Amino acid sequence: MKPILLVEDNPDDEVLTLRAFRKNNIKNDIIVARDGVQALDFLFATGSHAGREGGNPQVILLDLKLPLIDGLEVLRRIRADERTRLIPVVILTSSREERDLVESYSLGCNSYVRKPVNFDEFMEAARQLGMYWLLLNEASER
Amino acid sequence: MVQPEIETVTAKSVLLRALPIFLPIALVATCVVYLLYATQEAATRRVIAAGQKQLVEVGYTSLANSLAVIGNDAEFIAQDPFLKRWLESRDDRSVEPILAQFQSFARHRGLYEQIRFIGLDGVEAVRVDWNSGAAAAVAPEALRDVSGENDIRQGLKLEPGEIYFSAFDFRPEPGRPAAPQNASIRVAAPVFDAAGHKRGMVILSYLAERALDRVRSLSTRGLGQAWLVDSKGRWLLGPSAADAAGSFAAAQEGRSFAELHAQAWEQIARSTGKGQFDAGGDLHTYAAVELPDGAVTGENILSSTHAAPGVFLLTRTPATAFAAFSRGLIRSHVAALLGTLLLLAALSGFIAHHGARRSRAERLVRALNQRLAKDNAALQSVNRELESFSYSVSHDLRAPLRSIDGFSQALLEDYGDTVDSTGRDYLLRVRGAAQRMGNLIDDLLKLARVSQSELRDDPVDLSLLGRKISAELRQRDPQRNIDFVIAPDLQTRGDGRLLQIALENLLDNAWKFTARQPAGRIEFGKARQGSEEVFFVRDNGAGFDMAHADKLFGVFQRLHAVTEFEGTGIGLATVQRIVYKHGGRVWGEAEKGRGAVFFFALRGGNDEADIAG
């Protein structure tokens, strides 16, 4: 099964997200990229991930506020490249700013989810994400 | 806002402004007035000159006529048939009819002092004198030999058709006192008998005073004063009586026209006919009184085709007269100019003053506008800073909260069995606190955003908003049994976004405080209070104690314990700020345990609407 790419710079959020997925029996490998550069390196098998095995992830969970290259730019590049254009991208962010939402959808994300403070809700969000993007959604084989 | 420094309108600044307005116009006005003066002066000069010409013309015509008349008279007498007959008979007795004829003639004409017939020997043969109004025949004894007189000599030389005119002079008759009335002109015509032989001459002494009177009468008729001057430049009729009188004999020593006005006389004496010229500023107008055709003068015997003038009729308008007139003209024009300039100065001053005031006002406005633009720009930049601040605050504050809550939960779930109930309780409190802080951040952000934004003025359908919000609330807690009564026609004008937030807060409050009611009822509608229309949100929930109503809208102020009803205490503060921004007011009434109603009116009754936020 294809991995899930989690692009998240906050270590606490990373731990919580991983725990949430575990708790919800999501068995995919979860690759964590801690900034935009790492994310792109993984996707295009360059830099620190040069020569990696395997194809595209099943879904990309993308935070917006990232160091080095920020989330929107990563999204832009994902959508700009033939190889990665069709991968589902879920923006998972704490930003409630209208403009971030609009910009993300304009750039072609598939979903925009706000990280709730309440962990229960967070868990629920993770479960739903897993249900949908991993099980129900028909993604392209590429 | 401090008033910008604009210099006041001083007298000096007004003066500086007025000068460029005043000077060009003043210059033009002066030129115009000068032109008017010059034109008028020239015109008047011309009028005067024309008047003088007319005067001289009239005088000339009159004199010329007189001379022609007396010439004719001389001829008439010379051709008297009685005379001819007497000449034939040479009878002394037949002198009577001639005398009678002469007398009659003299009486009728009234022009002649003497009418005489002189024989070829130069002796008076017939003579009629004019004595104080009567023509008297002179006795033969009184007849004289006048062959020596120049007049007689010239007269006896006359050919047929010629008439002799003597010079105009004051030669008194022998035996008569010299007097001004003695001015005379002698006219003579030759007498021929039937056979054509010259037998003598008739000579008439014309009372030249009459001619002078005619010239004098010109002045009484308002045409002006004209003088007569003889061919030597001596006064015949002059400005003063003495010039014409018996002093004539003294040749007017030093005072004749020729001597007094030598330059002018030179020009006149040279010319014939009429003319007008300026000599040294004095205007001279003259006419040479010509003798009629066939006249021969006493000065020279010329052919009948050329008559030298015997007298000159002239007028002189001295430069001083012009000067006097000019002065008057100048005075009136200068007065007019001064008046105009004064008016212009006043006008310029007035215009300048207003112009200065207006431009000062404009500068003030510009400066104020600049200040305003600057203030606006500063305000906008502050707003932008605040927004980015809010944004980062909300984002950055939330992340740690998430961690607090998340790991507390993780602890509970994964290590719950190692923690006792107290521990679990602590962890729950930690989670609750994190949750509340998250809500607080959200609410504070909303409150801040309300103050920042510019108020829009659109039509807002409050009923629609109410329905939307109530639907969301139901969706949040589907198990709640709540009755929403929303009036259908709640319309107003304002900022839709902000009004939605306010309504959300009010309805959310109502929702919260009716949580314990088995049959909750929330009503949103409008009512009439006095003269105005107000909106209200009424619930039948917990209500509150009116004694503390003044704390209702304070930030973070709560009238209930957080254990009873959740809430950050910011909701109503937000509602109040939004309503105030719309220029309205909001208040609440309640009864503990029976419910509460919050009224709000937009626009009207709020003096603080002008104050931002």
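1. In what order do the 5 strands of the open sheet in chain B run, and with what kind of pairing? The model under review is a predicted one, and in it the strand order is β14-β16-β17-β19-β18 (chain B), with mixed pairing. The edges are formed by β14 (482-486) and β18 (585-591) of chain B, each of which pairs on one side only.

2. Helix α12 (residues 496-513) of chain B touches β14, β16 (520-529), β17 (532-539) and β19 of chain B, and the direction of α12(B) makes about 35 degrees with that of β17(B). Helix α13 (residues 571-581) of chain B touches β18 and β19 of chain B, and its direction makes about 140 degrees with that of β18(B).

3. Strand β18(B) is joined by 7 bridges to strand β19 (residues 595-601) of chain B, and the two run antiparallel. Within this pairing, B:Ala590 has B:Ala596 of β19(B) as its bridge partner.

4. Returning to α12(B), the helix has 18 residues and spans 25 Å from its first C-alpha to its last, which is close to the 26 Å expected at 1.5 Å a residue. The helix is mostly covered, with 15 of its 18 residues buried. Its N-terminal end is capped by B:Asp495, a side-chain oxygen of which lies 3.2 Å from the backbone nitrogen of B:Arg497.

5. In chain A, helix α1 (residues 11-23) has 13 residues and reaches 18 Å from its first C-alpha to its last, close to the 18 Å expected at 1.5 Å a residue. The N-terminal end of α1(A) is capped by A:Asn10, where a side-chain oxygen lies 2.9 Å from the backbone nitrogen of A:Asp12. Just after the helix, A:Asn25 adopts a positive phi of about 60 degrees.

6. Which elements do the buried residues of α1(A) pack against? The buried residues themselves are A:Asp13, A:Glu14, A:Leu16, A:Thr17, A:Arg19, A:Ala20 and A:Phe21. They pack against β1 (4-7), β2 (30-33), β3 (59-62) and α5 (119-136) of chain A, together with α9 (319-415) of chain B.

7. A further stretch of chain B is built around strand β2 (residues 124-131), which is mostly covered, since 6 of its 8 residues are buried, that is, under 20% relative accessible area. Strand β1 (residues 112-119) of chain B is joined to β2(B) by 5 bridges, the two running antiparallel, and B:Gln114 has B:Asp129 as its bridge partner in β2(B). These two strands form a hairpin with 4 residues between them, and B:Gly122 in the turn has a positive phi of about 85 degrees.

8. Strand β2(B) also pairs in the antiparallel sense with strand β3 (residues 134-137) of chain B, over 4 bridges, and B:Asn131 stands opposite B:Ala134 in β3(B). The hairpin of β2(B) and β3(B) has 2 residues between the strands, with B:Ser132 in the turn at a positive phi of about 40 degrees.

9. As to cysteines, how many disulfides does the structure hold over all chains? It holds 0 disulfides. A:Cys109 counts as buried because its relative accessibility is 7%, whereas B:Cys31, at 46%, counts as partly exposed.

Methods:
Residues numbered from 1 in each chain as written. Chains lettered and ligands numbered in written order. Predicted model: local features only at pLDDT ≥ 70, side-chain atom pairs only at ≥ 80, totals over all residues. Heavy atoms only, no water. Pairing = 2+ DSSP bridges. Contact = heavy atoms within 4.5 Å. Axes fitted to C-alpha atoms, helices over the stretch in contact; angles between N-to-C directions. Expected span 1.5 Å × (residues − 1). Buried < 20%, exposed > 50% of the residue type's maximum accessible area, 1.4 Å probe, protein only. Polar contact = N/O pair within 3.5 Å; in protein donor to acceptor, adjacent residues only side chain to side chain. Disulfide = S-S within 2.5 Å.
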